[in-house]
Amino acid sequence: MLAKQKKKRRVGLLTKLAIVVFSVYTAVQLITLQVQKNELKRENTLKQEQVDAVKMKNTALSAIIDSEITEEMIKAQAREKLDLVEPGERVFVDISK
């Protein structure tokens, strides 16, 4: 009879140990998943801010494209910023500077 009680206690102890190990494992997994979830939320927020910035830039560029840009304006920009000239045009450079 004493051996029977000892066996029951041992099985009970092993079951309790298994439950504790499983509980610890589950808790660790839940914490890990929560950390990953928070990191993904942070990344999502950053990506959304980048998307919003690009959308604003696209809107501004669309407004520029849709505005009345004439050929004369394009030529003026090409002359000022790129130093371009039209075919057959003579360019005089002031070397006194």
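Me: By about how many helical turns are Glu-71 and Lys-75 separated in helix α2?

Reply: Glu-71 and Lys-75 are 4 residues apart in helix α2, so about one helical turn separates them. Helices are DSSP runs of H or I with at least four residues, strands are runs of E with at least two, and numbering starts at the N terminus. The structure is a predicted model, in which local features need pLDDT of at least 70 and side-chain atom pairs count only at pLDDT 80 or more, while totals for chains, interfaces and linings use all residues. Residues are numbered from 1 along each chain as its sequence is written, and side-chain values use heavy atoms, with hydrogens and water left out.

Me: How many helices and strands does the protein have?

Reply: The protein has 2 helices and 0 strands. Helix α1 covers 2–66 and helix α2 covers 71–82.

Me: What span should the 12 residues of α2 have?

Reply: The expected span is 1.5 Å times one less than the number of residues. For the 12 residues of α2 this gives 16 Å, and the end C-alpha atoms of α2 are 16 Å apart, so the two values agree.

Me: Is α2 largely in the open or largely buried?

Reply: A residue is buried under 20% relative accessible area, exposed over 50%, and partly exposed in between (1.4 Å probe, protein chains only). Of the 12 residues of α2, 1 is buried, so the helix lies largely in the open. Across the 97 residues of the protein, buried residues make up 1%.

Me: Which side chain meets that of Glu-71 in a salt bridge?

Reply: Side chains of opposite charge can pair when their charged atoms come close. The criterion is a side-chain nitrogen of Lys or Arg within 4 Å of a carboxyl oxygen of Asp or Glu. Glu-71 forms a salt bridge with Lys-75, at 3.6 Å from N to O. Glu-71 counts as exposed at 55% relative accessibility, whereas Lys-75, at 29%, counts as partly exposed.

Me: Which other salt bridge involves Lys-75, and where does its partner lie?

Reply: The side chain of Lys-75 also meets that of Glu-86 in a salt bridge, at 3.3 Å from N to O. This pair links distant parts of the chain, since Lys-75 is in helix α2 and Glu-86 is in the segment after α2, 11 residues apart. Glu-86 is partly exposed, with a relative accessible area of 36%.

Me: Which parts does the pair of Arg-79 and Glu-89 tie together?

Reply: Arg-79 and Glu-89 meet in a salt bridge of 3.0 Å, N to O. Arg-79 lies in helix α2 and Glu-89 in the segment after α2, so the pair ties together parts 10 residues apart in sequence. Both residues are partly exposed: Arg-79 at 35% and Glu-89 at 33%. Salt bridges that share partners join Glu-71, Lys-75, Arg-79, Glu-86 and Glu-89 into one network. A search of the whole structure finds 5 salt bridges.

Me: What is the phi of the residue that follows α2?

Reply: Asp-83 follows α2, and its phi is positive, near 55°. Asp-83 is a residue other than glycine, and it lies in the segment after α2. Asp-83 is exposed, with a relative accessible area of 63%.

Me: Which residues make the nonpolar surface patch?

Reply: Patches use residues with over 30% relative accessible area and no salt bridge; like charges are joined within 9 Å, and nonpolar side chains (Val, Leu, Ile, Met, Phe, Trp, Tyr) within 5 Å. Here Leu-61, Ile-64, Ile-69, Met-73 and Ile-74 make a nonpolar patch of about 460 Å². Helices α1 and α2 each supply at least two of its residues. Among them, Ile-74 is found in helix α2 and is exposed, at 52% relative accessible area.

Conventions. Areas by Shrake-Rupley, 256 points an atom, 1.4 Å probe, with all protein chains shown as cover.
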